[in-house]
Amino acid sequence: MVIADSGLRFADLDACRAYCAELIHDPWIRHRFDLDAGPGRLRSVDVRDGRGSRHPHAWFELERMALPRVGRTEPIVLHELAHLLVSSPAVAPHGPEFAAGELALVDHRLGASAAAALASSFAAHRVRW
């Protein structure tokens with residue numbers, strides 16, 4: 001990912017948990033992803049240790065993400081959070097809705113230059129958003 005060197009690197013899972021809690025209570029994020037629409041919308045994120053796995057994972061139905069040590073960076077946490085915010089059985093895991101959500105999160109948290117780099121990467125890889 002082009003923005004891999006952007007943003008924070010979290011010291012431990014507690015820092016990742018605190019960051020996720022901050023994000024889902026951010027008024028802009030709550031509005032953008034319609035989190036106050038009613039029951040069943042993301043209220044918390046269960047951040048777990050992903051050691052033993054080579055890649056981070058998110059399960060929207062469980063409101064859970066697993067982060068191996070390599071995945072404890074701000075761009076990766078934003079990517080996994082995008083899965084929790086926009087995913088549903090009707091949404092492709094890395095489809096246009098997901099990509100638009102990830103791009104919005106990156107722009108909001110990492111800034112316009114990181115969002116432009118991600119959009120450029122999307123375009124180069126023919127990702128629709």
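Trainee: Is R54 buried or exposed?

Mentor: Please keep in mind that this is a predicted model. R54 lies in the loop between β1 and β2 (57–59). The relative accessible area of R54 is 75%, and a residue counts as exposed when that value is over 50%. R54 is therefore exposed.

Trainee: Which residues does R54 touch, not counting residues up to four places away in sequence?

Mentor: R54 and R72 are 18 residues apart in sequence, and their C-alpha atoms are 12 Å apart in space. As for contacts, once residues up to four places away in sequence are set aside, R54 touches P68 and V70.

Trainee: Which element gives the most residues to the largest nonpolar core?

Mentor: That core has 33 residues, and L42, V45, V47, M65, L81 and L85 touch the most other members. Two or more residues come from each of α1 (13–24), β3 (64–67), α3 (74–86), α4 (96–110) and α5 (112–124). With seven residues, the element that gives the most to this core is α3.

Trainee: Which residues does V45 touch, leaving out residues up to four places away in sequence?

Mentor: V45 is among the core residues that touch the most other members. Leaving out residues up to four places away in sequence, the residues that V45 touches are C20, I24, E63, M65, L81 and L84.

Trainee: Which classes of residue form the contact of α1 with α3?

Mentor: α1 passes α3 in a right-handed crossing. From α1, the residues Y19, C20, L23 and I24 meet E74, V77, L78 and L81 of α3. By class, this contact has no polar residues, seven nonpolar and one charged.

Trainee: How are α3 and α4 oriented to each other?

Mentor: The axes of α3 and α4 are 9 Å apart, and the helices pack at an angle of about 135°. This makes α3 oblique to α4. The handedness can be stated as well: α3 passes α4 in a crossing that is right-handed.

Trainee: How many charged residues are in the contact of α3 with α4?

Mentor: On the α3 side, the residues include E74, P75, L78 and H79, and on the α4 side they include E97, F98, G101 and E102. The contact of α3 with α4 has 10 nonpolar and three polar residues, and the number of charged residues is four.

Trainee: How are α4 and α5 oriented to each other?

Mentor: Their axes are 7 Å apart, and α4 and α5 pack at an angle of about 155°. Angles over 145 degrees count as roughly antiparallel. α4 and α5 are therefore roughly antiparallel.

Trainee: Is A112 buried or exposed?

Mentor: A112 is found in helix α5. Its relative accessibility is 57%, and the cut-off for an exposed residue is over 50%. A112 therefore counts as exposed.

Trainee: Is G95 buried or exposed?

Mentor: G95 has its place in the loop between α3 and α4. Its relative accessibility is 9%, and a value under 20% means buried. G95 therefore counts as buried.

Trainee: What is the phi of D34?

Mentor: Most residues other than glycine have a negative phi. D34 lies in the loop between α2 (27–32) and β1 (46–49), and D34 is partly exposed, with a relative accessible area of 45%. Although D34 is not a glycine, its phi is positive, at about 55°.

Trainee: What is the phi of R126?

Mentor: R126 is in the segment after α5. At 77% relative accessibility, R126 counts as exposed. R126 is not a glycine, yet its phi is positive, at about 60°.

Conventions: Residues are numbered from 1 along each chain as its sequence is written. This is a predicted model: local features need pLDDT of at least 70, side-chain atom pairs count only at pLDDT 80 or more; totals for chains, interfaces and linings use all residues. Side-chain values use heavy atoms; hydrogens and water are left out. A nonpolar core is a set of buried Ala, Val, Leu, Ile, Met, Phe, Trp, Tyr and Cys residues joined through side-chain atoms within 4.5 Å. Buried means under 20% relative accessible area, exposed over 50%, partly exposed in between (1.4 Å probe, protein chains only). Helices (H or I, at least four residues) and strands (E, at least two) are DSSP runs, numbered from the N terminus. Contact means heavy atoms within 4.5 Å. A crossing is left-handed if the near helix is turned anticlockwise from the far one by less than a right angle, and right-handed if clockwise. Ala, Val, Leu, Ile, Met, Phe, Trp, Tyr, Cys and Pro count as nonpolar, Asp, Glu, Lys and Arg as charged, and the others, Gly among them, as polar. Axes are lines fitted to C-alpha atoms, for helices over the stretch in contact, and angles run from 0 to 180 degrees between N-to-C directions. Angles under 35 degrees count as roughly parallel, over 145 as roughly antiparallel, 65 to 115 as roughly perpendicular and the rest as oblique.
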